[in-house]
Amino acid sequence: MVKRLKRIIAEYVDTSQFPINATVREDGVVILEGEAPDWKTADELAHRVAKSKKVRNVINHLSCDGKSLAYIPKKELIDQGRALGTLDEADVIIVGAGVIGSGIARELSKYNLDIVVLEKGDDISQGASKANNGMIHSGNAVVPGTLKAKLNVEGNAMYSDWAADLQFEFKRIGSFGLSYNKKDRHTLWLSWIAGRLNKVPGMRFISPDTFLEMEKDVEVRPRRVLYAPTTAYVDGFEVTIALAENAAMNGVRFHLSTEVVDVDVEDGVVRGVVTDRGLVKGRLVINAAGVFADEIAAMAGDQFYTLHPRKGVIAIFDKEKKGPDRSLNGRPYVHQKNTKGGGVQRTVSGNPLWGPNAVEILDKTDLSVQPEDLDYVMGSGSVVCPGTKRSEIIASFAGIRPADYKEDFIIERSRVVRGFIHVAGIQSPGLAAAPAIAKMVEELTADELGKLSRRGDWNPIREKPVVFSKLSPEEQERLISENPLYGHIVCRCETISEGEIVDAIRRPIPAVTFDAIKRRVRATAGRCQGGFCGPRILEIIMRETGLRPEEVRKQGKDSYIVAGTIRDRCDEADCCETRASAGVSEGIAQETGAHHESD
Amino acid sequence: MKVIETDIAVIGAGPAGLAAALEASRLGKQVTLIERSDDLGGILQQCIHDGFGLVRFKKQLSGPQYAERFIEKLKASDVSLLLDTTVLSIENKVIRAVSPREGVLEIRPGAIVLAMGCRERTRSQVEIYGTRPSGVMTAGTVQRYINLEGYLPGRRAVILGSGDIGMIMARRMHLEGIEVLGVYELMPEVGGLARNVYQCLIDYDIPLHLSTTVREVFGKERLEGVRVVKVDKNRRPIEGTEEDIACDLLVLSVGLIPENELSRKAGVLISPVTQGPVLDESMMTSVPGIFAAGNVSIVFDLVDYVSDSAEAAARGAVRYLDGQAPSAEPLDVIAGENVASLLPTQYRVDYVGDELSFYLRVRKMESNVRVTLRQGKRVIKSKKQLVVRPAEMVTLTLSREDLTLIEPDTPLEIHIET
Amino acid sequence: MESKLICISCPRGCELLVQTDERTGVFISVEGNACMRGSSFAETEVNHPERMMTSVVSIRGAKHCMLPVISRRPLPKGKLVEAVRAMRSITVEAPVKEGDVIAEDIAGTGIDVIAARSL
């Protein structure tokens, strides 16, 4: 096999200039080392090596300009964590509070298990779970026979139950694959075949006229239309928060801003993890750390894959903009490799969403948006919505897909240590597959821990938070009379009341940063991008949490909103505007009323 | 649900709303003034700098002082005030609003004056790439943080856009000890008034860079720096001119647009010229009985004109209620040579007011021009103007006598003639 | 000597061409002004430039934390930074009426600072 690998490498890279070393482990894992001319080459090479059926997976330690994806232990944090002593103890430790970690936590909360979720971000859903297109794929865009394909189709079907129990926004309205000419008809046939092999329910060709009838805003007439009625749309963050809240309601403990920096293994058995905030002891570690899962695996001494960050940029438009309601895929342009292509669709909130593109990068935290990203997104979207200008984009953001070189999900018990489950490489369609992944991990957990006993008091229902603007006047009236904060509109673009923001701060997973509040209630996500409501949200967070102004964050520990004060600020309870509203919530409306009139 | 019947409902108690409410009340109508916050005066309360009121009061007042003059009068009037009350919708001229104390309100007025002001353009409306850290704010938000809340928004600031608020905040930040590294302007000329370049930038040696823009921001959590780049005459970046500047605050002063959220809900037509509602000579929108005042109608340069336009809207609303509203087919008023935006965009020949002011903004600076209102080949009114600049509004006021020259058939045109 | 100024007396912003004494720097004449305010501005600006001071001070017991203030008359330009600095240590109690004196004789200029609004 080594010979073959050498040939593959030599075919692609000038090895006289860039000596690249490939070693084959006993378990069939190939490790690539050396200096590559650039990251694109390094990445492509690892993909080519991974193509061989005999290769279990690839660890890519190739470097470019001194940078690589090799795991480097954070010694200082490890020492710091060990010195701090025990933070928590549990049966199951889930690393990562994305849709996968939260979904597993909620699934396992049915059992008599003590569960903690450790998340290094200051909110849940910080990685790919928040920065995706919210599509619940039908399953006709994944390679038949893969784990991805199986879990995609299964997960899609399970979403109806999730949506009913967890009460997140869910629209099962289908999607379309389109072909415009003879050349791209081929691609459409491939997805039809994949759909048939993957047993995608209801998928069929429909006439272009039927299609144009269903999508009235579309003007360009396709030649062929493949319709997948089971495709659905959600907000990835909302699904994750609903899962996490339901898990928390059922006793799961979430530790945010808590980074796992080492895994304690004794005699081949997992004993717990080291975090920057202390030790967490446990019998089973479930590695759902998104794009960092390869590093967690390395900490446990069982790395057999590298996760290579693949950035995707998404552009969001104003709700008023015309465009199709369902995802349209397949356009007369050259597809980028390894992406579902990125389409034109609408978010569950009604904003047109274009993208994403796909770019291999070396920095797992690089969420910057570059002109060429938007060039691609605009170029692909404009085929369906001609004449769209870049200035119409109201927000653009990047997400990172956690891809391995086999480009399939890795969900299995460790073959090296006991008490460790890998849930890695969960890139698209990971959101769609999430319910099936949670189920599969539930079974693996039983394999690890023995038979699990069910709790009698498990409650699968997570009630939807109040969305004031969607209520009838009568319901609004009733709500305000119970809690006057609902009558104080803080965000004018999205009509969000102070009551909803306070709710978000007080829910099972408290939202105490600007971005955490934005993702739960959409405040600062509207047209003014927080220009108007930002100062008010700052006051509300301070009042509810007791934080000082400079301690309030957007997202991340250095993301202060204001750097301090220019004058002394009064802090009597009856003093300033928003503090007065707090008085309202405590039932002293009469006094504040008088206060207003005296002004 | 409480129902309130009133002659005229004014939405927004900033300079426009205050002036409209007072004028309508003076003319004997029962007025309900609805304000979202618990304070009167709107944005004026955070505009603590001086320079307001020269036209109206022959004085250089600060924003709060200008507001105070109206607030005092309002307190002495019989205008009913609904503070802390947010309008959610306007349907068939019925307003639905909420407040913490009153719950859901239904206000049924005979006429409505929209006076919600304008909003700032944001990062998403200018082409800036890179990350999304904290520390990128509009000039108005920075102004609010400093002047109303007493916060320090950052320590090292770069300003993008040379609008008036941007320059005024450059001075304000400098005086509060924030290091202001420079003002960057995409266009080859300054966006705000010349006097603000002089008294806000030159006074404090704050550099102004024209034909230069912020292309990219850095920083994963808080802003760590920006990349500025010079642009050519087509506003495209010139390669090789990039410069990275370390800063923790990027202040955007990149323009204002009329607040249209409620106008849209009310079903009024939006003009592509003003980006506010289509308005006739009485400041009436395309929905009979709904009027617009102040920066909802067009973004004014001076608050004095905001007050004037609001009084005109109030008079229009009163005439509407009294059954004296003009009913002729409206003539279009067309933005001609070097006219970027104008108010009103429609005129009805049976208008009965004493005089009528046209407000316009130009696209480019020109000297020794004539501002001319034409109907076909006929000149209705023309005046000489030494210089016109995009930052400054041009007014053309027609007397009753001038107005009688307008015929009921042909569209009107306004041109800046050289 | 000839120098250029921009008049700040009104939004028009006239460009002023000012003649001053070569030796003493004292104002001689001005052109470019559209009105009388321009000529008096030019003379003041050359001989002893002055600016209005606007700032905020802390207030207690009101619905806002900050009270806007303004100098009753323009201050010598050189005193402006000192005057704004002096605002940092002032705290007033509500209620305050517009025009109430907040600080007397600011930065030794003999000019008072007054409240710009009632609060």
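This tour visits the interface of chain A and chain B in a predicted model.

**The whole interface.** Begin by selecting the residues of each chain that are in contact with the other: 62 residues of chain A meet 50 residues of chain B. The size of an interface is often given as the accessible area lost when the parts come together. Here the two chains bury about 4,800 Å² between them, and 49% of this area lies on carbon and sulfur atoms.

**Polar links.** Next, display N and O atoms on both sides of the interface. Between chain A and chain B, 25 residue pairs are in polar contact, both residues being at pLDDT 80 or more. Four salt bridges are found across this interface. For one of the salt bridges, select B:Glu259 and A:Arg492, whose side chains meet at 3.4 Å, N to O.

**The side of chain A.** Now color chain A by secondary structure. At least two residues of the side that touches chain B come from each of the following elements of chain A: helix H10 (371-384), strand E22 (393-403), helix H12 (473-482), helix H15 (534-545), strand E27 (564-565) and helix H17 (589-598). Select H15(A), which gives the most to this side, with six residues. Coloring the side of chain A that touches chain B by residue class shows 27 nonpolar, 19 polar and 16 charged residues.

**A strand pair between chains.** Finally, select E27(A) together with strand E12 (residues 151-152) of chain B. These strands pair in the antiparallel sense over two bridges. Within the pair, center the view on A:Gly564, which stands opposite B:Leu152 in E12(B).

Methods: Residues are numbered from 1 along each chain as its sequence is written. Chains are lettered from A and ligands numbered from 1 in the order in which they are written. This is a predicted model: local features need pLDDT of at least 70, side-chain atom pairs count only at pLDDT 80 or more; totals for chains, interfaces and linings use all residues. Side-chain values use heavy atoms; hydrogens and water are left out. Contact means heavy atoms within 4.5 Å. Buried area is the accessible area (1.4 Å probe) that two parts lose on being put together, summed over both. A polar contact is a pair of N or O atoms within 3.5 Å; within protein, one must be able to donate a hydrogen and the other to accept it, and residues adjacent in sequence count only if both atoms are side-chain atoms. Helices (H or I, at least four residues) and strands (E, at least two) are DSSP runs, numbered from the N terminus. Ala, Val, Leu, Ile, Met, Phe, Trp, Tyr, Cys and Pro count as nonpolar, Asp, Glu, Lys and Arg as charged, and the others, Gly among them, as polar. Two strands pair if DSSP finds at least two bridges between them.
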